[in-house]
Amino acid sequence: MKDKPLLSLKTSLIDMNDLEEDDYEEKDGCGMDNLNKKLSSTALGEGPNNGYFDKLPYELIQLILNHLTLPDLCRLAQTCKLLNQHCYDPLQYIHLNLQPYWAKLNDTSLEFLQTRCTLVQWLNLSWTGNRGFISVAGFSRFLKVCGSELVRLELSCSHFLNETCLEIISETCPDLQELNLSSCDKLPAQAFNHIAKLCGLKRLVLYRTKVEQTALLSILNFCSELQHLSLGSCVMIEDYDVIASMIGAKCKKLRTLDLWRCKNITENGIAELASGCPLLEELDLGWCPTLQSSTGCFAKLARQLPNLQKLFLTANRSVCDTDIEELACNCTRLRQLDILDCFLELP
């Protein structure tokens, strides 16, 4: 972190000793003229260059500028040297959200931001790079300079990503804890193998991606710190029971799990999941047609997961009154229950 400059606190004062009595006397008609010259040369000639900003602590100016948007910071940097220095301080870019500028962001933009973002910890590039605006080379250059401190990386719907990009992420972001690849459906299946190198991951979103079973098993094996996992609509996975069994065996700290539209998970996978992940607070089993209430899977789920706060059973028409009663009795912390399109016999 660069040194913070000490702001000047000098103010111009008039030395009253310099104003001799003779200055007040009209001597040859020039007494008042001499006084005016002293006032103009001392009080006005050596004033602070940046006005009241010179009296503010460096941290306070940083805090004020922290409320500005990225375009506003770029404009403010053109006003004076002092504010330019503040606008280029990497501490202003600890959290950088570039998603609002997805339509215009390109390689030149990333190159321009490189010197400012060496300390960035939270980076959102979702929706960016479409139509060739961001190249693999441009993304790689940016991440090599700015990725060492990254903790959270959002890349939802970033269709420029390929295997090289995930390899760069795994090599340059050793402290990454959160990775969102939601709807990056152009990533090839083999690219996901690189995620297993990010052993410190706590949140992983693979919703609507082409991740395959082998790569996912490797990720689950090495990323045992996972607390939040989204596998919704991952159609390339062959056997979700195997995945659920691995989650139960390796991800003991898991708190949220999204299995929306998992078409082949059965009561066996749910049993492994419930017994291995007792800390689960949120579970999405919506549109999972192979789960049947008659097997007792939902009742067992309720008994083994007392910490559940959100449960989604959307469009599962086998859900019955008994399941609801089990949830009411055992899941006392439940705040949200989605049984939309479930045929229940209500009194």
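In the predicted model, Phe-312 has Asp-338 of strand S10 as its bridge partner. Strand S9, which spans residues 310–312, pairs with S10 in the parallel sense, and the pairing runs over 3 bridges. These two strands belong to an open sheet of 10 strands, arranged in the order S1-S2-S3-S4-S5-S6-S7-S8-S9-S10 with parallel pairing. Strand S1 (95–97) and strand S10 (336–338) stand at the edges; each has a single partner strand, so one side of each lacks a neighbour in the sheet. From one strand to the next, the twist averages 5°.

Besides its 10 strands, the protein chain contains 13 helices. Two packed helices are described by the distance between their axes and the angle between those axes. For helix H7 (residues 136–146) and helix H8 (residues 163–172), the axes come within 10 Å and cross at roughly 5°. Angles under 35 degrees count as roughly parallel, and H7 is therefore roughly parallel to H8. On the H7 side, the contact is made by Val-136, Phe-139, Ser-140, Leu-143 and Lys-144, and on the H8 side by Thr-164, Cys-165, Ile-168, Ile-169 and Thr-172. The residues of this contact between H7 and H8 comprise 6 nonpolar, 3 polar and 1 charged.

A second pair is formed by helix H9 (residues 213–222) and helix H10 (residues 240–250), which pack at an angle of about 10° with their axes 9 Å apart. H9 and H10 are therefore also roughly parallel to each other. H9 contributes Gln-213, Leu-216, Leu-217, Leu-220 and Asn-221 to the contact, while H10 contributes Val-242, Ile-243, Met-246, Ile-247 and Lys-250. The contact of H9 with H10 divides into 7 nonpolar residues, 2 polar and 1 charged.

When residues up to four places away in sequence are not counted, Leu-179 touches Leu-153, Leu-155, Ile-195, Leu-198, Leu-201, Arg-203, Leu-204 and Val-205.

Over the whole protein chain of 347 residues, 43% count as buried. Among contacts in the chain with a separation of 6 or more, 76% are between residues 24 or more positions apart.

Key:
Residues numbered from 1 in each chain as written. Predicted model: local features only at pLDDT ≥ 70, side-chain atom pairs only at ≥ 80, totals over all residues. Heavy atoms only, no water. Axes fitted to C-alpha atoms, helices over the stretch in contact; angles between N-to-C directions. Helix = DSSP H or I, 4+ residues; strand = E, 2+ residues; numbered from the N terminus. Parallel < 35°, antiparallel > 145°, perpendicular 65-115°, else oblique. Contact = heavy atoms within 4.5 Å. Nonpolar A, V, L, I, M, F, W, Y, C, P; charged D, E, K, R; others polar. Pairing = 2+ DSSP bridges. Buried < 20%, exposed > 50% of the residue type's maximum accessible area, 1.4 Å probe, protein only.
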